[in-house]
Amino acid sequence: MPAPLLDVQGLETQFKTPEGVIHAVNGVSFTMAESETLGVVGESGCGKSVTMLSMLRLIPMPPGKVVAGKAFFRGQDLLAMPAEEIRQVRGAQIAMVFQDPMTSLNPVITIGKQMEEPLALHMGMNKQEAKDRSVELLEMVGIPNAKDRLGDYPHQFSGGMRQRVMIAMALSCNPQILIADEPTTALDVTIQAQITDLVKRLRDELGMGIIWITHDLGVIAGLAQRVIVMYGGFIIEEAEVKDLYAHPTHPYTVGLLGSLPRLDAKQDEKLFSIDGFPPVLYNTPTACPFAPRCKWVKDICWKKNPLLEEVSPNHRVACWVDIKTGSARK
Amino acid sequence: MSNKKDVILEVKDLKMHFPIYRGVVQRQVGAVHAVDGISFDIRRGETLGLVGESGCGKSTTGRTILQLYKATSGSVMYNDTDLISLRKEEMRKMRRHMQMIFQDPYASLNPRMTINDIIGEPLLIHNVARGAEISKKVAELLELVRLNPAFASRYPHEFSGGQRQRIGVARALALNPELIICDEPISALDVSIQAQIVNLLEELQKKLNLTYLFIAHDLSMVRHISDRVAVMYLGVIVEIANKNELYESPLHPYTQALLSAVPIPDPNKEKRKRIILEGDVPSPVNPPSGCRFRTRCALAAPICAEKRPEFREVKPDHFVACHMVK
């Protein structure tokens, strides 16, 4: 079996705040194969973005600190390599697209300049080459009159167009992994459909791996091959996309899917809602983080945090309870 | 239900244009046509969903109904009173019958007021209660929205987003209103909390016989909560129908595209063919002539540029504004 493209092991990240230490990521491990699309799902504060930022060493330190873990990219540990080397990886081999395209583009620099910068830096292109490549990239993501628009500033583009520019920039150095952090959350549904369509087309053309972070289980259903569900800084479930939607096994995943009204069904019954609130992560969790909101909760759930274990082929869950029988797992 | 007597609010040809001023003398050079001639009614006890993308004028519609903006023209009849013709003082008295729940539970609660003061303020202003009575009423309201009445002395920052939205709901209910305009009440909340608030709103509607105008961009949630749904595009309503009718057989090309863009949390269904709209929404400062949607419409014909399509009833209780619909 070939080595995975990305292999993250036991990643832990904490933030020091005046109120105490926040345990944002608590031992996250996952792998990703070449050209795979991995969905990462969870609510705000579950640690999904922090996991990716920690891996790329983009966490501001202090107050943040990656306290443990390894992240192998093509066999090299991103967390252990010198700062100079990780800079060669970031933006070139692993690129990122952020949620809000307005705040992640510099408002006082033209789109052309911002696009040419990584090309000059990572690919060693001269000015003319970088310019030609920028036009090519903008055309690839479907921006009309790309040549004339290089001199425009970010505010002259609409939200959807800005996100296309961000994607073009991220793809400029032919990355092997594209990390998309809620790239469509700030956009309207029709524009969201345009962007997901574009990403699918580019993935098929260019063959890069994608990590798509979102809170929207709908978007992921049509995009990912495998999905990771996070809660309270832990991975609580991981499965092939079809398996996850057909057989959600962690009570949180079950609740999350149940609380979504579906467009394709007549709905007159009450929505399934998860009681209570997402956890506050001030303490090292010793119990299952979902226990206070779980309707299947057992004694053991308050005593020990369950490990992520395989329950069926390629389907891993961190839960003490078998929700089919309602009793504790053997 | 379509009995005329049941109508609680009737909006007719409502327009809200925001002027744009330029230059030293601040001459008006144009206007944002935020709401440009819409008509609909809301029936007693129902939930009318109002959907559309950002900038289509759905929030402006809600605010103009409550006279938070001075409408450019049109009428808003609430139980036989035209709200637009009311004087300020008269309108203030009317407001106790119609309240609003806002989108951002962080921005819509004053951080320096306790929960008791926030929920009690409408009671005080409308002279409904005073002193200890207020605290009693606030405690009742908190219980109604499933918050611990002991929280009344706390400040907004001590609550999570979902709890704050419950406080916003309690404040809206304080004066026993008939009509509540919910302006994207759940879009700032996490998925698992959204369902809690929606269930609460539905429960309160049954208990207190409320009427909702539910403004949102989340089409699946709107299908869940509404009885009828209105779809807006660039300042006009393009289609209104009973929810199952609208979602199962949408007639307007925009409604069709909008519905096909919504992702469904099911990998097998996500393989379906999408209608992908080209381009972006045009500017409301200078909207297209004739039909607003024609610049992005696959069916557009010459007549669409010449004449604004009439908003007509094509099936019982199913209204649509499109030249191409038979």
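Trainee: So where is A:P62 placed in chain A?
Mentor: A:P62 sits in the loop between α1 (48-55) and β4 (64-73) of chain A. Helices (H or I, at least four residues) and strands (E, at least two) are DSSP runs, numbered from the N terminus. Keep in mind that this is a predicted model: local features need pLDDT of at least 70, side-chain atom pairs count only at pLDDT 80 or more, and totals for chains, interfaces and linings use all residues. Residues are numbered from 1 along each chain as its sequence is written, while chains are lettered from A and ligands numbered from 1 in the order in which they are written.
Trainee: What kind of peptide bond joins A:M61 and A:P62?
Mentor: A cis one, with omega about -20 degrees. A:P62 and A:P63 are also joined by a cis bond, with omega about 10 degrees, and A:P63 lies in the loop between α1 and β4 too. Most peptide bonds are trans.
Trainee: OK, phi next. What is the phi of A:E182?
Mentor: Near 45 degrees, a positive value in a residue that isn't glycine. A:E182 is in the loop between β7 (177-181) and α7 (189-206) of chain A.
Trainee: Is A:E182 buried or exposed?
Mentor: Buried, because 20 other C-beta atoms lie within 10 Å. The cut-offs are 20 or more other C-beta atoms within 10 Å of its own for buried, 12 or fewer for exposed, and partly exposed in between, with C-beta atoms placed from the backbone.
Trainee: And B:N209, buried or exposed?
Mentor: Exposed, since B:N209 has 10 C-beta neighbours inside 10 Å. Its phi is positive as well, about 55 degrees, though it is not a glycine. Look for B:N209 in the loop between α6 (191-208) and β8 (211-216) of chain B.
Trainee: Switching topic: which residues is A:I211 in contact with, beyond four places in sequence?
Mentor: Among them are A:M32, A:L38, A:I177 and A:I179. Contact means C-beta atoms, placed from the backbone, within 7 Å. A:I211 belongs to strand β8 (residues 209-214) of chain A, and counts as buried because it has 25 C-beta neighbours inside 10 Å.
Trainee: How much of chain A is buried?
Mentor: Buried residues account for 45% of its 330 residues. Chain A has 11 helices and 14 strands.
Trainee: Last one: what is the strand order in the open sheet of chain B?
Mentor: The order is β2-β1-β4-β5, with antiparallel pairing. Strands pair if DSSP finds at least two bridges between them. β2 (27-43) and β5 (81-82) are at the edges with a single partner strand each, so one side of each has no neighbour in the sheet.

Terms used. Two residues are in contact if their C-beta atoms, placed from the backbone, lie within 7 Å.
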